[in-house]
Amino acid sequence: MSLNFDSFSSFDKPDHVRIAKFFHDWARNVRLIASGLVPAYSYRKFSLVFLPLGHGIGKFERVFIFSTWLNNMFLYPRVYYIHVDNTMNNRQAKGEIIAHSPDQITRINSQYYRVKSQSSDKAYNVTALESGWYCTCPDHIYRHVCCKHIHAVEFSIKLRKEVRKQNQVIIEPITYDKCPDCKSSNFVKHGIRHNKNYDLQRYFCHDCSKWFSFNLGFSGIKANPKVVTSAMQLYFTGESLRNVQKFLRLQGVEVSHQTIYNWINKYTGLMQKYLDKITPQVSDTWRADEVFIKVKGNMKYLFALMDDESRFLIAQEVADTKYSHDASSLFRKAKEVAQKKPEVMITDGLMSYHNAYLQEFRTMQAPRTIHIRNITLKGEKNNNKMERINGEIRDREKVTRGLKKNNSPLISGYQIYHNYVRPHMSLDNQTPADRAGIIIKGNDKWRTLIENASLE
Ligand SMILES: [Zn+2]
Ligand SMILES: [Zn+2]
């Protein structure tokens, strides 16, 4: 911290500022709102120093000094503004240390953190309000300053972003500039193969004398890759198989709805196997919910577990009943996918979540998982969040209406669509995977995924 001062007084004496500053700091340290009498012998006057704690305005800390001469007893009020260089102040430095220490900050959600006190067993709530961060510690409440806990939260948000960026996985579309056999680029277009629904360009390689076409992942399919991925896109946005079939017919592609189902089945399995090897970098706050669906006319429940920050759907499962279902396998699956346990698990009041939490997440040693049931928080925009989740459930219902059995590929297909393909308005039009550090490039993300999965 560096000090220089701006003052509106003609009686600027560095001594005043230094003395005032001393008391100011001392009073802060003992957490007192204090005033004091400061003798300033060198100028034959006394200064009554008022220390208005917590009246810093931005970069300025304000100190009132009333000075008087011994001989005429006049009282001259002075206001000194001590300029604090905020590039790295004390609280910021302490905040950074907290952010780097393990188990000091618990992220409940994007608007609510718990930060351990550095001097007691307590923990303070740091909440995002319309006006900015709010902390329940005395430093923030009485001095209205950006306390070390708030700095710690800000640092930890920055740190998490950096870590995610370092561990980012980028999946690029396959570029077709080499012969698949000898990797030479010395090839030419050589005829077209006519299929029932589309034509495929063939190439001839001058180096190895072989014919080939670029059709990675789609050979043996009765439609071109674009048609297949469009069908998947339509289906997962909520169209029925028969509507997808009608749409393809308009494009001149004649396939049965069973064929479309088979495509979805085949490619979902292929992509799932490939994506299972990549660990999403989800946050430490997870949410679980369940939604009623119909499978072959029977009532079922779809249980889903989602990362609160990225909205990445970590695990899903279908259950016959809501109240007697054991959610432990859902929690266990989520642990495997994310390679960790959450710090905070948010659910509704359903008993099976509590049992699953006890079985899968609760431990005696730190870091421990907190289970929050039916969270309501001051300042949290609960309703918006619930509305978004409900909207998503409605989408999910449309897709799962066509379920034939419990472990249908359609469930994991919807999960891929949700996580990797669909941009979310609440994520600034990014996908949950973008937020969780898995970036799929290309205009057709289905195709990028299928091609890369076929290379394995
Ligand atoms: Zn604080
Ligand atoms: Zn070749």
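## Overall make-up

The protein contains 13 helices and 19 strands. This is a predicted model. Of the 456 residues in the protein, 31% are buried.

## Confidence

The mean pLDDT of the protein is 77, and 72% of the residues reach 70 or more. Among the elements, strand β19 (residues 438-440) has the highest mean pLDDT, at 96. The lowest mean, 35, belongs to strand β1 (residues 3-7).

Residues 26-60 have a pLDDT that stays under 50 throughout. Another stretch, residues 375-384, has a pLDDT below 50, and nine contacts beyond near neighbours in sequence are modelled for residues 375-384. Where pLDDT is low, the predicted coordinates should not be read in detail.

## The nonpolar core

In soluble globular proteins, nonpolar side chains tend to be buried together. The largest nonpolar core here has 74 residues. Ala231, Leu305, Ile314 and Leu330 have the most contacts inside this core. Domain 2 (89-166) and domain 4 (281-436) both contribute residues, so the core lies between these two domains.

Ile314 shows how one of these residues is surrounded. Leaving aside residues up to four places away in sequence, Ile314 touches Val282, Trp286, Leu305, Met306, Asp307, Ala334, Val337 and Ala338. Leu305, one of these contacts, is itself among the residues with the most contacts in the core.

## Helix α6 and its surroundings

Which residues of helix α6 are buried? In this helix (residues 241-250), they are Val244, Gln245 and Leu248. Viewed down the axis of α6, the buried residues fall within an arc of 100°, so they line one face of the helix. The face turned away from the buried side carries the exposed residues Arg242, Lys246, Arg249 and Leu250.

The buried residues of α6 pack against α5 (225-236) and α7. Following α6 is Gly252, which has a positive phi near 80°.

## Leu270 in helix α7

Helix α7 spans residues 257-275 and includes Leu270. Leu270 counts as partly exposed because it has 17 C-beta neighbours inside 10 Å, whereas a buried residue needs 20 or more.

What does Leu270 touch, not counting residues up to four places away in sequence? Its contacts are Ile450, Ala453 and Ser454. Ala453 is 183 residues from Leu270 along the chain, but their C-alpha atoms are separated by 6.3 Å.

## Glu290 in strand β14

Glu290 is found in strand β14, which covers residues 285-295. Is Glu290 buried or exposed? Glu290 is buried, because 21 other C-beta atoms lie within 10 Å.

Tyr301, Leu302, Phe303 and Lys322 touch Glu290, when residues up to four places away in sequence are not counted. In the case of Lys322, 32 residues from Glu290 along the chain, the C-alpha atoms of the pair are separated by 7.9 Å.

Strand β7 (residues 112-116) and strand β8 (residues 123-129) pair in the antiparallel sense over five bridges. These two strands form a hairpin, with six residues between them. Within the pair, Tyr113 has Val126 of β8 as its bridge partner.

β8 is also joined to strand β9 (residues 132-135), by four bridges, and β8 and β9 run antiparallel. A hairpin of two residues connects β8 to β9. Thr127 stands opposite Tyr134 in β9.

## The sheet of β11, β12 and β13

Strands of a sheet pair through backbone hydrogen bonds, either parallel or antiparallel. An open sheet of three strands has antiparallel pairing and the order β11-β12-β13. Its edge strands are β11 (187-194) and β13 (211-212), each of which pairs on one side only.

Strand β12 (residues 199-205) runs antiparallel to β13, and two bridges join them. Phe204 stands opposite Trp211 in β13.

How values were computed. Residues numbered from 1 in each chain as written. Chains lettered and ligands numbered in written order. Buried ≥ 20, exposed ≤ 12 C-beta atoms within 10 Å, placed from the backbone. Contact = placed C-beta atoms within 7 Å. Arc of directions from axis to C-beta. Core = buried A, V, L, I, M, F, W, Y, C linked by C-beta atoms within 7 Å. Domains from an automatic or database assignment. pLDDT = per-residue confidence, 0-100. Pairing = 2+ DSSP bridges.
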